[in-house]
Amino acid sequence: AGLSDNTLLGIWDDGQGTTYGVGQKGTILKSANDGPWEFIDLGTTETLVGIWGSSPTDIWIVGTGGLILRGNGTTFQPVSSGTDASLLEVWGLSANEVWASGDRGTILRWDGTQWNAQPTPVIDDLWGIWGANSNDLFVVGNNGIVLRWDGTAWRRMTTPNNNPLFDVWGSSPNNVFAVGVSGTVFRFDGIAWSTMTPPGQANLFAMTGRAFNDIYAVGNTGACYHFDGATWRALAAAHAFGPLAITP
């Protein structure tokens, strides 16, 4: 309380007790060893939108103006992105395979040495990334867009409607979920995308899971939806994020 009133847009935990939150005006907050939140001065006022790390000492942050920062857990340095597009998400499979998505249909790939722009068939904002392996990845964005990477190219998939999509997660290449505005939940079963029935109409901005029958989506007004393998149900936030819910 009282530490910052800047909006936070991304969060990542290193699995060893240190968590980072990033947001507007170059804000990054760090909680080390489950301790109090502290500021890290990044020397930028760009809005920071996404954060992901391959390890506690290899962390990526992306933001507006094509900003990409790489950190070792203590300091962060800019890395050339080759674009001025706002970058909206970063996610990876390893230290040598990291992906970033952004506006104007932007997708970048880190190959362990540099970021390279990837051709895409759209010019819409792309928000969420998830993949099962190097040859099977998904990116979602505005206008109901889902792009799939087959190891060679990004190709647009057919979706049930044009509702903007903000995040994507899967338990396997044949069980992939995407969420977006007005409670939109799509599922890909390996053949086609279909619409699922949500327990409400909140805009959904993020999702994650541990298995096909244990998936969470969160959004406006404290919305937290859980999928148990059969049905999406609304949970009270205090329950959804209590110790029993998040303990592996």
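How many salt bridges does the count come to? Seven, and bear in mind that this is a predicted model.

Start with Asp-84 and Arg-104. Their side chains form a salt bridge, with N to O at 2.6 Å. Asp-84 is in the loop between strands S8 and S9, and Arg-104 is in the loop between strands S10 and S11, so this bridge ties together parts of the chain 20 residues apart in sequence. As for accessibility, Asp-84 is exposed, at a relative accessible area of 54%. Arg-104 comes out at 47%, which makes it partly exposed.

Next, Glu-97 and Arg-109. This salt bridge has an N to O distance of 3.4 Å. Glu-97 belongs to strand S10 and Arg-109 to strand S11, and the two residues are 12 apart, so the pair counts as a link between distant parts of the chain. Glu-97 is buried, because its relative accessibility is 6% and the cut-off for buried is under 20%.

Last pair: Arg-148 with Asp-136. Here the side chains meet in a salt bridge at 2.8 Å, again N to O. Arg-148 lies in strand S15, residues 145-149, while Asp-136 lies in strand S14, residues 136-141. These two are 12 residues apart, and they too link distant parts of the chain. Buried or exposed, what is Asp-136? Buried, with a relative accessible area of 11%. Arg-148, at 23%, counts as partly exposed.

That is my part done.

Key
Residues are numbered from 1 along each chain as its sequence is written. This is a predicted model: local features need pLDDT of at least 70, side-chain atom pairs count only at pLDDT 80 or more; totals for chains, interfaces and linings use all residues. Side-chain values use heavy atoms; hydrogens and water are left out. A salt bridge is a side-chain nitrogen of Lys or Arg within 4 Å of a carboxyl oxygen of Asp or Glu. Helices (H or I, at least four residues) and strands (E, at least two) are DSSP runs, numbered from the N terminus. Buried means under 20% relative accessible area, exposed over 50%, partly exposed in between (1.4 Å probe, protein chains only).
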